[in-house]
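Subject: Structure for your review

Dear colleague,

Please find below the structure that I am handing over to you. My findings follow it, and I would be grateful if you could read them alongside the coordinates.

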Amino acid sequence: MVMNITIQKGDITTFATDMLVLSVFENTKTLGGAAGIVDKTLAGLLAKEMKVVGFSGKEGSLLIFHTHGKIAASRVLLIGLGEQTQCSLETIRKVSAIVEKKAEDLHQRRIASVLLGVGVQGITAKDAARAMAEGALLGSYQYDKYHDEKAKKKAEHGLEEWTIVEKLAAQIRGGEQGLAEGILGARGTVLARDLVNEPASVATPWHLVEHAKRIAGEQKNVSVEIFDREEAQKRGMEAFLAVAAGATEEPYFIHLTYKPKGAKRRVALVGKGITFDSGGLQIKPDNHMATMKCDMAGAAAVLGVFSVISEVAPNVEVHGIIAATENMPGKSAYKPGDVVRAMNGKTIEIGHTDAEGRVTLADALSFAVTKKPDVIIDLATLTGACVAALGEDIAGIMCNNPKLCTRLLAAASESGERLWELPLAPEYASLVKSDIADLKNISSSRYGGAITAGLFLQNFVDATIPWAHMDIAGPAFAERESIPYIQRGGTGYAVRMLLQYLKSI
Ligand code: BES
Ligand code: ZN
Ligand code: ZN
């Protein structure tokens with residue numbers, strides 16, 4: 001995150017910058033606000049140009065205007081915000097990302113604008129600023145560690161400074177708060193994206209351990225404990241270790257704790273941490289394996305949250321739990337038909353070695369329960385069935401507690417992350433029962449695979465603890481570009497919604 005976004009008091013119409021960004025709602029008859037004033041200074045040329053090229057203010061539409069020295073900025077970028085009645089935080093995020101990209105295309109290093117969308121649809125200065133920071137910073141994200149040319153181009157021509165210039169002191173204060181929140185959310189998200197994008201040969205279980213240790217060193221009130229294979233064995237994590245049996249990379253169980261003074265509630269965040277999912281002995285066909293470095297996106301989201309947690313400073317104790325291993329068909333790999341006992345004592349028949357996520361989560365959730373949390377939330381790239389049900393952009397959520405579900409859906413709506421509830425249908429619970437063990441890691445039905453996976457996990461949480469399971473197999477990794485502030489690859493899904501949720505309790 002090289003780009004800087006700040007807010008200051010001043011008059012945008014006379015602000016000296018490389019490019020002045022002015023926003024216009026769709027179908028506005030006369031240019032108002034800052035755009036109106038700048039248009040006047042430019043003797044009506046801006047409005048004329050809009051007419052000539054047919055610029056209507058459609059969401060995300062752009063118009064470049066060269067000022068030829070008539071005002072302090074050498075260019076004006078008009079950006080359409082769409083219909084005023086449709087303007088939301090998501091509009092602001094998207095538009096901010098589009099502006100950022102345009103500035104970069106045009107090699108503009110410094111741009112300035114007012115707070116976008118503030119005042120419409122009840123959008124406060126704080127919310128607008130947060131959305132702008134999220135859109136601009138996430139929009140400028142690029143995974144270029146192994147692409148020198150892209151990295152060089154970004155360093156030479158990328159946007160460096162976005163200054164928000166506002167007249168009212170009251171809006172500055174809210175704006176500053178919003179920017180601070182937005183920047184932290186983006187920072188956590190960027191770490192999650194980087195971890196997912198990193199090749200599986202680099203992002204090994206030990207790599208996740210190193211990040212957890214670094215975070216514990218950097219964030220106040222955060223500590224970490226790591227269990228190696230032997231320690232996990234001692235603690236009865238046979239299910240986790242069964243998946244790890246075929247791995248070349250050593251597995252590690254990671255437990256992060258954030259414990260601020262005076263916290264009354266305790267939340268456990270559990271992330272699926274399969275650093276590569278080959279399918280195991282029941283190996284995946286090639287096209288299904290191609291993106292399986294993403295199978296630790298749940299773990300990456302947990303690390304993303306922890307990487308900024310003491311700065312976000314929620315007044316709640318948070319446990320971050322990751323059972324990290326590869327799923328590989330090594331010579332000691334677990335086999336279909338094996339039976340393993342999870343930490344909570346329940347036995348699992350392995351029906352399919354590619355349904356490994358739920359097997360590792362059985363121990364991660366059992367461990368979470370021992371911490372006696374008030375809430376457990378797990379995040380997992382768990383099933384292709386969830387992607388089939390909800391598509392690539394929407395995650396599924398299953399809950400044993402409607403209140404928790406409502407809160408998480410609200411947090412997701414606030415952060416602009418698409419989330420939809422699926423039922424933990426008790427009538428399907430018998431589909432994951434086994435003849436020879438308590439449970440089987442595949443369903444005896446071809447249908448409803450996202451739900452039966454959730455029902456399997458339910459056996460490892462305490463019915464008295466509110467628990468939510470998020471299947472993020474779709475939105476954790478983007479195979480196409482559909483949202484301007486989300487690039488192909490790791491998306492950092494759930495980091496911002498979780499921070500939002502933690503702040504709200
Ligand atoms: N990691 C996969 C799920 C997945 C699919 C994640 C697509 C991201 C994108 C998971 O471990 C898996 O292989 N699930 C199987 C379960 C089946 C064998 C019961 C699946 O969904 O096919
Ligand atoms: Zn799998
Ligand atoms: Zn998997």
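How far apart are the zinc ion (ligand 2) and the zinc ion (ligand 3), and which residue coordinates both? The two ions are separated by 3.2 Å, and the residue that coordinates both is Asp277. Please bear in mind throughout that this is a predicted model.

The two metal sites may be described in turn. The zinc ion (ligand 2) is held by Asp277 (OD), Asp354 (O), Asp354 (OD) and Glu356 (OE), at 2.0 to 2.2 Å. Its six donor atoms make angles of 74 to 171°, and the site is classed as irregular. Along the chain, the donors of the zinc ion (ligand 2) are spaced as D-x76-D-x1-E.

For the zinc ion (ligand 3), the coordinating groups are Lys272 (NZ), Asp277 (OD), Asp295 (OD) and Glu356 (OE), at distances of 1.9 to 2.4 Å. Here the six donor atoms make angles of 78 to 173°, and the site is octahedral. The spacing of the donors of the zinc ion (ligand 3) reads K-x4-D-x17-D-x60-E. Lys272 and Asp295 are both buried. Glu356 counts as buried as well, because its relative accessibility is 0%, under the 20% limit.

A further point concerns Ser434, which sits in the loop between β15 (419-421) and β16 (439-440). Ser434 has a relative accessibility of 12% and therefore counts as buried. A polar atom of the Ser434 side chain lies 2.9 Å from the backbone nitrogen of Ile436, and one lies 3.0 Å from the backbone nitrogen of Ala437. Beyond its neighbours within four places in sequence, Ser434 is in contact with Glu349, Leu439 and Lys440.

Finally, the overall arrangement. The protein is divided into domain 1, covering residues 4-190, and domain 2, covering residues 198-504. Their C-alpha centres are 37 Å apart, and the contact takes 24 residues from domain 1 and 23 residues from domain 2. The size of an interface is often given as the accessible area lost when the parts come together. Between them, domain 1 and domain 2 bury about 1800 Å², with 51% of it on carbon and sulfur atoms.

Yours sincerely,

A colleague

Conventions:
Residues are numbered from 1 along each chain as its sequence is written. Chains are lettered from A and ligands numbered from 1 in the order in which they are written. This is a predicted model: local features need pLDDT of at least 70, side-chain atom pairs count only at pLDDT 80 or more; totals for chains, interfaces and linings use all residues. Side-chain values use heavy atoms; hydrogens and water are left out. Donors are N, O and S atoms within 2.8 Å of the metal (3.2 Å for Na, K and Ca); water is not among the atoms, so sites may look incomplete. Four donors count as tetrahedral if all angles lie between 85 and 135 degrees; four count as square planar and six as octahedral if opposite donors are over 155 degrees apart and all others between 65 and 115; anything else is irregular. Buried means under 20% relative accessible area, exposed over 50%, partly exposed in between (1.4 Å probe, protein chains only). Helices (H or I, at least four residues) and strands (E, at least two) are DSSP runs, numbered from the N terminus. A polar contact is a pair of N or O atoms within 3.5 Å; within protein, one must be able to donate a hydrogen and the other to accept it, and residues adjacent in sequence count only if both atoms are side-chain atoms. Contact means heavy atoms within 4.5 Å. Domain bounds come from an automatic or database domain assignment. Buried area is the accessible area (1.4 Å probe) that two parts lose on being put together, summed over both.
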